[in-house]
Amino acid sequence: MTAKGWTSAVAFALALGVAGEALAQAPACEPAKLATKYPSLAGKTIKFGADPQTPPYTMRDGADFNKIIGADTDLARAVFDCQGIKYEIFLGGWSGLLPATISGQIDVFWNNLYYTAERAKQVDYVLYMQAGTGALTQAGNPKKIGGLDQTCGTTAAAGLGTVEEAALKKEDEKCKAAGKPGVTVMTYPDLAAGIRLVQTGRADIMMTDLAIVESLAIDNPQTYARAFKILTGFTIGAAVKNGNDELLKAIYEGLVAVQASGGQKAIFQKYKIDPDLQVAAEIKKD
């Protein structure tokens, strides 16, 4: 073999070695290794909280009222099954799920929870998608609201304590500073209550997650429409109480494996969520 051939052979062998190492390190689901990898979770049933009135993230199956489906619910199941973790769903109003997580009533809040630094003082996140905000209005957009800067003089609804509530209050201040009528901000405790505000005409718009707004508008075109959307740059994740590090790690490593297999993108496509909204799994503690 010539020197050139020897060099090529060595380079090829090294390349194979690197590729083999990468394959060996590729994330994989190993449910049988739960007790070894996460001993505190062995034999335990994890409760994850969700609001069944937040389509397409969590909702009741139209064919079976007792069956809970949705992008977040399916993703949570895929991750827990990947890790061999037993689980059950704790259903409740969305606004009550964060306090339930902090108090230890549930183990995981997995239902369209935006990351904020304030929330991260009490919970740790595993991020898995980016978010946008949508404005739900009545069919035909009767007040022709085309953006947040067109909400002066309107009544707008947002979830209590959400980033949307803060954005609307800021817009209210801007309207008044410009000598225009302000934004009347109404808050609601759960999504169903917010939707009713739009449905009954008590609110001109409801600002919430973009995928929820688009799902409602697509499924109910005679009742709702999307007034506008904003790409916010916010991220969404599953959250556990601060200090619950082994569960946090298990969720993170399970998400890495599910993402590597294409499972998360397949779930998003099933529920008509843009798969490009997926972001690489990341632990965020502050």
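1. Let me start with the disulfide between Cys 152 and Cys 175, whose sulfur atoms are 2.0 Å apart (a disulfide here is a pair of cysteine sulfur atoms within 2.5 Å). The link is left-handed, with -85° about the S-S bond. Cys 152 lies in the loop between strand E7 (123-138) and strand E8 (155-159) and Cys 175 in helix H5, so the bond ties together parts that are 23 residues apart in sequence. Helices (H or I, at least four residues) and strands (E, at least two) are DSSP runs, numbered from the N terminus. Cys 152 counts as partly exposed, at 23% relative accessibility, whereas Cys 175 is buried at 2%. Buried means under 20% relative accessible area, exposed over 50%, and partly exposed in between, with a 1.4 Å probe and protein chains only.

2. A word on the basis of all this: the model is predicted, with local features needing pLDDT of at least 70 and side-chain atom pairs counting only at pLDDT 80 or more, while totals for chains, interfaces and linings use all residues. Residues are numbered from 1 along each chain as its sequence is written, and side-chain values use heavy atoms, with hydrogens and water left out.

3. A search of the whole structure gives two disulfides, and the other one joins Cys 29 to Cys 82, with an S to S distance of 2.2 Å. This link is left-handed too, at -105° about the S-S bond. It connects distant parts of the chain, 53 residues apart: Cys 29 sits in the loop between helix H1 (3-25) and helix H2 (34-37), and Cys 82 in helix H3 (residues 71-83). Cys 29 is partly exposed at 42% relative accessibility, while Cys 82 is buried at 4%. Counting bonded cysteines along the chain, the pattern is 1-2, 3-4.

4. Which residues have the most contacts inside the largest nonpolar core? They are Phe 80, Val 108, Trp 110, Ile 251 and Leu 255, in a core of 54 residues. Helix H8 (residues 245-260) supplies the largest share of this core, seven residues. Apart from it lies another core, of 13 residues, with Trp 94, Leu 97, Leu 98 and Tyr 115 among them. A nonpolar core is a set of buried Ala, Val, Leu, Ile, Met, Phe, Trp, Tyr and Cys residues joined through side-chain atoms within 4.5 Å.

5. Leaving aside neighbours within four places in sequence, Phe 80 is in contact (heavy atoms within 4.5 Å) with Ile 46, Phe 48, Ile 85, Tyr 87, Val 108, Trp 110 and Ile 251.

6. Not counting residues up to four places away in sequence, Val 198 touches Leu 136, Thr 137, Gln 138, Ala 203, Ile 205, Met 206 and Tyr 224.

7. The whole structure holds one cavity of 30 Å³ or more, and the largest cavity has a volume of about 250 Å³. On a 1 Å grid over the protein atoms alone, a cavity is a set of points where a 1.4 Å probe fits but cannot get out, and a pocket is an open set with protein on both sides within 12 Å along at least five of seven lines; lining residues have an atom within 4 Å of a point. Grid points are joined across faces, edges and corners, and a volume is the space filled by probe spheres set on the points.

8. What lines the largest cavity? There are 19 lining residues, of which Trp 94, Asn 112, Thr 162, Tyr 188 and Thr 208 lie nearest its centre. Helix H4 (94-103), strand E6 (108-114), helix H5 (163-177) and strand E10 (205-209) each give at least two residues to the lining, and E10 has the largest share, three residues.

9. Finally, the open sites. The largest pocket has a volume of about 220 Å³, and its lining includes Pro 52, Arg 60, Arg 196 and Asn 220. Strand E3 (58-61), H6 and helix H7 (210-219) each give two or more residues to that lining. The second largest pocket has about 190 Å³ of space, and H7 gives the most to its lining, with five residues. Met 59 is among the residues that line the largest pocket, and Met 59 also lines the second largest pocket.
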